[in-house]
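Visitor: Could you walk me through a few strands here and explain the terms as we go?

Guide: Gladly; let's look together.

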Amino acid sequence: MGRSYFVDEAVEEYLVGIQTAPGSCVTGLLAGQSSPQRDFVVLAVQTPHRESEGQPKASRGVSPLDDIDVEWVTEHAKQVSRMLPGGLCILGLFLVTPPELSKDAQNALKRLIFAMDKYITKGRLWELSEEDVTDQVTLHICSKTKKTVCKTFDVKDPKSSAKPADWKYQTGVSSSWPMLSCSVAVDVQIPMTGSSSDITDKCMKDGLRRWAKQIEAACCLINGRHALDDSELVSGQKKNPKTTHRQTLPARIFVSDEQAELDERSSALVQLCSGSVKVRGVVHCRAYIHNNKPKARHAAQAIKRDIINTVCSRVEMFLEDLLINEGSHKGLCSGQQALPRRVFAPVPVSGLSVCDYMFPDESTADVAERLKEMLDCKTPEEDIDTSLEGNQLFSNVCGSEITESPSDDSSKHVFSEVQTENPKNQKAPQYYAGVAITAAVALLATATSLLYFNE
Amino acid sequence: MLQCDFIFRLKGILEFACQLDNPNGVQSQSTISKSFQDLRSKVTSKNIVFTVCNSPVLIWPNTGFQSSVESLTEASACGDILQWIESDDGGSKKSSKKKDKKKSGPTVVNMKLLFEVTEPAGNTAPSLIRVSTQQHCVKMPLPLDCALSVTTDERLETVCTGLVEALNKQLADMEEVVLQYRKGSSFLVPQPFHFQLPEPAGLITVVYPAGVPDSQLQAVREDLHRKFELPCDRPYLRRANAFHFPDAAYKDGYLRNPHIHLNPPNIEDAKLYLVQGVYSYHHYMQDHVDDNGWGCAYRSLQTICSWFQQQGYVETAVPTHTQIQQALVDVGDKEPRFVGSRQWIGSIEVQAVLNQLLGVTSKIMFVSQGSELATKGRELANHFQTEGTPVMIGGGVLAHTILGVVWSENTGQIRFLILDPHYTGGEDLQTITDKGWCGWKGPEFWDQNAYYNLCLPQRPKSI
């Protein structure tokens with residue numbers, strides 16, 4: 001008895017429309033939501049073409065299947081998984097091959113699916129629960145006949161063999177899925193025991209993991225009701241296949257500072273640190289839940305995971321960016337640096353939101369370009385919603401002293417450096433208006449603030 | 001006794017965190033105070049939420065009283081909250097009331113302190129703020145625990161406002177304790193304890209530093225005894241005296257005060273004189289020790305020791321049979337081979353052990369014939385009135401514990417409340433009270449011809 005995948009018609013259209021050069025293969029991702037009874041696929045994206053660095057590589061293997069760039073496929077999967085809101089995740093892979101390669105396709109898919117799961121789940125701050133589905137789907141499509149073969153693998157079991165699964169197309173799979181949303185204030189203080197980038201990474205991960213545990217353990221209200229035990233998520237809307245109105249359910253999260261290992265102590269935990277990092281600001285979160293009698297606690301889990309993922313993703317992206325730009329010897333500098341902020345855009349046809357992260361020097365044009373490249377969807381710039389998270393009103397600063405006050409995010413802070421370009425787009429960095437003018441003021445203010453900060 | 005109907009108890013953990021550049025420097029105190037100030041702001045902010053345990057009720061106390069349940073509003077009486085709480089045993093409240101022989105005291109409503117992280121004031125996306133000076137990062141969970149005694153008709157809103165005030169005060173008390181006992185970067189966790197004092201003080205909360213034994217907190221208690229006008233010769237504020245909430249089980253499994261479930265005999269013109277405070281029932285076969293037939297006096301002694309521990313006079317645990325025997329060897333009363341034997345002990349030995357292990361002195365009362373015990377009403381009544389400690393009585397071949405008397409000064413009629421250490425069963429209150437293992441006996445209970453010694457332990461004069 002295999003799994004059943006209910007697949008949106010838009011995905012069918014997309015898969016049928018994939019162009020393949022004769023004799024070559026195309027890989028891609030499948031995204032949607034799993035539930036214990038059935039799975040839903042709402043999005044398919046082919047792996048983008050990798051810009052070749054210099055000479056095109058000669059064919060290494062005997063068949064085009066060996067030429068599949070596993071690293072690139074998994075990297076694409078990671079980027080896409082960061083763009084999916086809560087409740088949605090990568091469910092598997094598809095592979096389009098010419099008829100003569102069909103019989104070897106299964107092995108290639110198996111290799112890919114295990115590699116992809118391993119890469120995506122590395123660094124995740126929350127643990128899978130017993131109820132989480134660990135099967136991933138592999139879909140093989142023959143480029144000539146368009147015939148599909150669908151199988152699943154349990155990616156938590158290295159010895160897992162392919163199990164058959166059902167692949168059914170339906171209209172409007174996600175059209176009535178409610179969307180949970182909330183804005184969450186984040187204020188995490190993380191001590192740093194060293195300044196090299198390895199230690200910084202480890203400290204950040206440990207600090208964020210503690211915070212993530214608080215979120216996971218938090219009490220959650222969805223649409224005013226407790227999300228506990230086995231009660232069904234009552235969205236207050238009668239299920240009517242004709243209505244495509246998507247309900248938005250507000251979620252509220254309540255945390256406590258309880259941490260079991262700390263609570264038994266009779267004295268404080270004191271660490272000598274070389275400094276500390278604070279992650280502070282407000283994140284906007286969204287999660288979708290299927291409407292096939294979902295349980296309230298699964299909905300709560302989806303929004304909580306989105307909260308954890310969005311903070312973790314942007315910190316990861318920021319540190320990756322630093323590493324590329326500055327090299328591993330520098331690490332974080334003092335002062336306040338903006339993390340990339342989250343923007344949302346609708347996917348054509350289904351209307352589900354996907355998200356992206358905008359660095360301070362980027363614009364919606366950059367976001368639109370990434371959506372095209374990573375998700376293969378054309379989104380008009382005006383549809384990209386940048387209003388959900390507020391712009392941090394300063395550019396990235398290094399070396400200035402910062403006054404800490406809880407709600408302070410104004411442009412009192414002066415800047416002396418501007419963020420250098422990031423590798424995502426090769427455009428020249430954009431300067432904030434007035435930087436050049438206030439440089440002189442900056443020098444004066446820095447000198448003054450240094451005076452006040454010396455004990 | 002408590003006159004209130006409810007105790008609202010709010011518990012929660014708030015993490016205290018601060019970064020000290022120099023723990024021994026002059027600045028550190030103000031940094032610590034600033035962190036506590038931030039915590040007090042947090043507690044008076046709109047983000048705090050009280051959740052009522054085992055119920056769907058959430059209350060926002062600082063937003064002009066909002067609750068997650070429509071029918072609970074500012075005007076609601078606090079008793080209304082009970083209908084939302086699921087009781088643990090699953091049974092309805094009506095049926096359990098019939099079983100109780102006596103009213104078990106005020107109802108405890110347990111609440112938990114939480115903070116909302118959604119619905120924030122602003123929406124600025126996050127930044128990383130890095131400080132790269134060498135610092136001591138201090139983290140300490142503060143175990144907040146506030147309790148309020150109220151009557152049924154008190155408004156729920158007033159209760160919540162009262163709890164927020166109590167949180168604020170507790171944080172201030174905690175700050176004081178933390179600063180007082182801090183040594184450089186070594187901080188002691190401030191722990192709250194509740195005490196039920198005689199009216200008008202009622203239920204109060206005192207914060208003590210973790211790890212500092214009661215013996216070192218004498219001066220603190222003296223101040224508090226003065227402040228609350230408490231007698232200076234008996235302890236009220238040691239950690240062992242902490243108020244035991246009616247709904248909390250005792251972790252060690254021993255029964256406490258089984259006698260309160262009994263109705264005293266109805267004797268004309270007689271008054272009731274009972275043991276004061278709390279003791280544990282010790283009897284044969286407990287603690288995996290098979291002392292059936294020889295350990296009765298040891299068990300009575302254990303009951304007495306448990307009384308001194310729970311009234312706060314000693315911090316030592318109730319001694320085992322071996323420890324009791326060793327104590328008698330140590331004072332020279334017995335040969336070393338006594339340890340590990342199954343030899344009986346009597347009131348004199350009980351007196352010696354109480355002195356050796358607990359520093360407690362006892363009076364011995366001798367009665368040449370069991371029939372004479374009926375004439376000792378006045379002495380026993382006085383003992384329970386002034387000392388109020390359990391009495392060990394040994395004679396014939398048996399030892400028992402006397403927990404009180406009903407005695408008429410005019411007619412001389414007397415009944416004895418006996419706790420029998422010869423019981424070999426489990427901690428089943430129903431059996432113990434029904435079968436008279438704890439029960440009221442008449443003068444005929446004693447062997448009329450045997451002689452008896454009674455050990456009457458005296459309260460030490462300390463606080």
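Visitor: Which residue in E16(B) stands opposite B:Gly394?

Guide: B:Asn453 stands opposite B:Gly394 there. This is a predicted model, where local features need pLDDT of at least 70, side-chain atom pairs count only at pLDDT 80 or more, and totals for chains, interfaces and linings use all residues. Residues are numbered from 1 along each chain as its sequence is written, chains are lettered from A and ligands numbered from 1 in the order in which they are written, and side-chain values use heavy atoms, with hydrogens and water left out.

Visitor: What makes E12(B) and strand E16 (residues 452–457) of chain B a pair?

Guide: Strands (DSSP runs of E, at least two residues, numbered from the N terminus) pair if DSSP finds at least two bridges between them. E12(B) and E16(B) share 4 bridges and run antiparallel, so they meet the definition.

Visitor: What about E12(B) and strand E13 (residues 398–407) of chain B: how many bridges do they have?

Guide: They have 5, again antiparallel. B:Met392 has B:Thr401 as its bridge partner in E13(B). In their hairpin, with 2 residues between the strands, B:Gly396 takes a positive phi near 55°.

Visitor: Why is strand E12 (residues 391–395) of chain B called largely enclosed?

Guide: Buried means under 20% relative accessible area (1.4 Å probe, protein chains only; exposed is over 50%, partly exposed in between). For E12(B), 5 of the 5 residues are buried, so the strand is largely enclosed by the rest of the structure.

Visitor: Which residues cover each face of E12(B)?

Guide: On one side B:Val391, B:Ile393 and B:Gly395 are buried, and on the other B:Met392 and B:Gly394 are too.
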